[in-house]
Amino acid sequence: MWAIIEPLLPEDKAVGRLREVDLREVFNAINDRADHGAKWRNLPGEFPAWQTVYSYFRSGVRLRIWESINAALVACVRESVGRESEASLMVIDS
């Protein structure tokens, strides 16, 4: 799964201060928060600081990174069960 997600995450900046956190740990912290519904400030201590995680989360929302990760993972799951990567039919209900 990480091999699919990692290329979709932002690269380190070419200039300025280098990234000090592991993006995999940031991603794991975001998933942990989503799984447990906890507040950002209540992230377990094994993850990076909540402010850092929240900053990456908001950046991902703004840059639509989470949408691209979701689309890539859905395509991967569909292909793993022998389907086309994209649905051929869609039903919309209001």
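**Exercise 1.** Is F27 buried or exposed?

*Solution.* The model is predicted, so local features need pLDDT of at least 70 and side-chain atom pairs count only at pLDDT 80 or more, while totals for chains, interfaces and linings use all residues. Residues are numbered from 1 along each chain as its sequence is written, and side-chain values use heavy atoms, without hydrogens and water. Buried means under 20% relative accessible area, exposed over 50%, and partly exposed in between (1.4 Å probe, protein chains only). F27 has 7% relative accessibility, so F27 counts as buried.

**Exercise 2.** Classify the aromatic pairs W2–F27 and W40–Y54.

*Solution.* Rings of Phe, Tyr and Trp (its six-membered ring) pair if their centres lie within 6.5 Å; planes under 30 degrees apart are stacked, over 60 edge-to-face, and the rest tilted. The whole structure holds 5 aromatic pairs. In one of them, W2 and F27 are 6.0 Å apart centre to centre with 55° between the planes, a tilted pair. W2 is in helix α1 and F27 in helix α2, 25 residues apart; helices are DSSP runs (H or I, at least four residues), numbered from the N terminus.

**Exercise 3.** Which residue lies over the face of W40?

*Solution.* A charge sits over a ring if NZ of Lys or CZ of Arg is within 6 Å of the ring centre and within 35 degrees of the ring normal. R33 lies over the face of W40, 4.4 Å from the ring centre.

Methods:
Helix = DSSP H or I, 4+ residues; strand = E, 2+ residues; numbered from the N terminus.
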